[in-house]
Amino acid sequence: MIAGPVKKRVGWFIRYIRRYTRRPMAMIALIFMAIVVLCALLADVLASDKPVLLHLDGKLYILPAIFDDKDLVDHDNQTIVAAISERGGWAVLPPVPYGPNQTKVDGRVDWLQAPHGDHLLGTDDSGRDVLARIIHGARSSQLVGIGSIALSMLLGVLIGAFAAYFGGLPDRTALILIETLTAFPTFFLILAIQGLLGTGSLLQLVIIIGATRWTDVARVTRAEVLRVVNEDYVDAARALGLGHLRILFLHVLPGAIGPVVVSATFGVAGAILIESTLSFLGYGAPPPTASWGQLLTDAFNNEGCYWLTIFPGLALSLTVLSINLVGEGLREAVDPAD
Amino acid sequence: MTEAAKSTSPLCEAREVSKLFSARAGLRAGGGRARYVRAVDRASIVIGHGEAVGLVGESGCGKSTLGRLLIRLEAPTAGNILFDGKDITHLKGGALRLKRREMQMIFQDPASSLNPRFSVYSTLSEAIRVHSKRLSARLLNAHIAALLNMVGLPLSALDRHPREFSGGERQRIAIARALAVEPRFIVADEPVTSLDLTSQAQITSLLTNLQRELNVAILVITHNMELVHHICKRVAVMYLGRIVETAPTEILFKKPAHPYTRALLASTLSQDPDDRLKARVLPGEPPSPLDPPKGCHFHPRCPHAQMQCKLIVPQARECSSNHFTMCHFDFDEERESTARAAPTAPKDGDSQM
């Protein structure tokens, strides 16, 4: 670098972060979201029917729930604890010592138990621990929410940006496509596709939601790119003889992406709601996968068991609320008028 | 950009170019009546190698559009653009990008012509790398240092972003960027208009010196006569899309031939209290380019308009050496000024015509 001593100045990114952290509600929401995402990522460690670490008969098992040790297939935390007391050894149990699909504890099915010491949030009608299922349900929600919006961002940003930048025929084609897709009520479109394809995996849900929800992203991107393209610095880049792709990705999109990210954040909340609704209706991911929507279906089938309604419902609504608060905070942080 | 590059053909030339913009709003291709704004109307202009030419006129007369047409930021609706004797009217894609490196633009507002996310270093290195892709880091830095020196900015500017500079400094960065590709032709669109008075003077003298040192041709688009006087050897006057007069700067200022030029000069030259043209204010607004007047575009506001002005578009003709006007009439300066002074006796009393 040939520059002399230069005082370090604050970049735009740091300024956005500072503006965001000034809002307490947005910060609380962000922390809550971080916890939910951590739950989703670490679900197998936080709530599992296998211990985190186990030393038994001179063998050390590390995270058997993830690495699928064949020796322990027929065991759960409770049988292992019993074995330890007989044969010596030690184990580190997960904070919630039940798997999401574990029905028997010590050979017993404790179904529809209200919250108490062993099952902090109670059990459902198959004897499964509600807390364990909520933690694993976060995984489905986050996977579908973030995954499908990542896909729709990819599609929407590319289509919207190319349409606005090149104009003419590409723009008209994209607009027709966007308007055609928007004309369908998205939820019923997704429901119909799920019905036709059958309830496959979570990945199928990610692809279907992503492929139908990109229109919002494309709309915002298109509008933002149209605004930025009129800036003189884009003309200056053209006058320099830079290529279209370089201009679009280096000069236009960085100035246009802020509002797109904000709207995508709200999109995550929408996708999570769609996933839960589909699961509630029985068109989500098939049963062994834990999902908040399915937990609510269980509540629907078991009247009077308040813990089946309140806890998954709280998890779902607090998550959606938090995402919306995070989105709102981001929107205000990147708002140039502020 | 050197003497050796000179050839018989002018560097940049517009031949009868027109630019129409569709004024119809909305998305539906078929709906509504097509209405066009004729921003540039069969305008011709020639810029020689290393020549500084001014392009003046009211706002909205199409001078910026003509400048953008010359460096092919826009494609003309009709007519031809020639660069170095080659027709570049229909150049596209990579060939056009290559040509563009020989012509650059300096914009009115450096606050928006510099990418706010790019540091000065990124801005300049990007521009240099367009020109010579495989430049070693050492040579690149040397080149950047030379550019900064040329426009009078310290090396400490490199790590900073546009918003950390004043308007004048930003315009220096924009000028450095334009010079980075070593262009042979620069279009400067109102290069000092957005600046404060001190910066205006500084940027004017910077542009004047650079133009002479580097012998780069420049088209200065402005309504600032001071700037034109400083830099330009020749001036073209534009009114409602047409070039109504071109002349060497001195002649244009002394003996303007077109009534519009006279009005334009009168509205700006007011330092000499004895100036006869002082305080002549042009009546009325320029007509809408959506619906321009027939015949001579200037006739509704022209104090000398006759019947033929309303019907026949005047042809550009050479009224003296290198002095072209697009008016049907010759005006004898002496007789004309006495005739004008007659109705209102006191010299400085004819403020409203």
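This is a predicted model: local features need pLDDT of at least 70, side-chain atom pairs count only at pLDDT 80 or more; totals for chains, interfaces and linings use all residues.
Let's start with helix H11 of chain A, which covers residues 244-281. If its 38 residues formed a straight helix at 1.5 Å a residue, the span would be 56 Å, yet the end C-alpha atoms of H11(A) are only 47 Å apart. A look along the helix turns up a kink of about 60° at Leu253(A), shortly before the proline Pro254(A).

## H11 against H6

H11(A) also packs with helix H6 of chain A, residues 130-166: the two axes come within 8 Å and cross at roughly 145°. This crossing is right-handed.

On the H6(A) side, the contact includes Ser140(A), Ser141(A), Val144(A), Gly145(A), Ile149(A), Ala161(A) and Tyr165(A). H11(A) answers with residues including Leu248(A), Val252(A), Val260(A), Ala264(A), Gly267(A) and Glu275(A). Leu253(A), where the kink lies, is also one of the H11(A) residues in this contact. By class, the contact of H6(A) with H11(A) has 15 nonpolar, 7 polar and 1 charged residues.

## H2 against H13

Next come helix H2 (residues 24-41) and helix H13 (residues 306-334) of chain A, whose axes approach within 8 Å and cross at roughly 130°. That angle makes H2(A) oblique to H13(A), and the crossing is left-handed.

H2(A) contributes Met25(A), Ala26(A), Ala29(A), Leu30(A), Phe32(A), Met33(A) and Val36(A). Facing them are H13(A) residues, among them Leu318(A), Thr319(A), Ser322(A), Ile323(A), Val326(A), Glu328(A) and Gly329(A). Sorted by class, the contact of H2(A) with H13(A) holds 11 nonpolar, 3 polar and 1 charged residues.

## H7 against H9

Helix H7 (residues 168-183) and helix H9 (residues 202-229) of chain A have axes 9 Å apart, at an angle of about 130°. H7(A) and H9(A) are therefore oblique to each other. Their crossing is left-handed.

Which residues make the contact? From H7(A) they are Ala174(A), Ile178(A), Leu181(A) and Thr182(A), and from H9(A) they are Thr212(A), Thr215(A), Ala218(A) and Arg219(A). These divide into 4 nonpolar, 3 polar and 1 charged.

## Where chain B meets chain A

Now for the two chains together: 28 residues of chain B are in contact with 20 residues of chain A. On the chain B side, the elements giving two or more residues are helix H2 (93-100), strand E6 (103-106), helix H3 (110-113), helix H4 (120-131) and helix H5 (137-151). Of the elements of chain B, H2(B) gives the most to this side, with 3 residues.

How do the residues of the side of chain B that touches chain A divide by class? They comprise 13 nonpolar, 6 polar and 9 charged residues.

Methods: Residues are numbered from 1 along each chain as its sequence is written. Chains are lettered from A and ligands numbered from 1 in the order in which they are written. Axes are lines fitted to C-alpha atoms, for helices over the stretch in contact, and angles run from 0 to 180 degrees between N-to-C directions. Helices (H or I, at least four residues) and strands (E, at least two) are DSSP runs, numbered from the N terminus. Angles under 35 degrees count as roughly parallel, over 145 as roughly antiparallel, 65 to 115 as roughly perpendicular and the rest as oblique. A crossing is left-handed if the near helix is turned anticlockwise from the far one by less than a right angle, and right-handed if clockwise. Two residues are in contact if their C-beta atoms, placed from the backbone, lie within 7 Å. Ala, Val, Leu, Ile, Met, Phe, Trp, Tyr, Cys and Pro count as nonpolar, Asp, Glu, Lys and Arg as charged, and the others, Gly among them, as polar. The expected span of a helix is 1.5 Å times one less than its number of residues. The bend at a residue is the angle between axes fitted to the seven residues ending there and the seven starting there.
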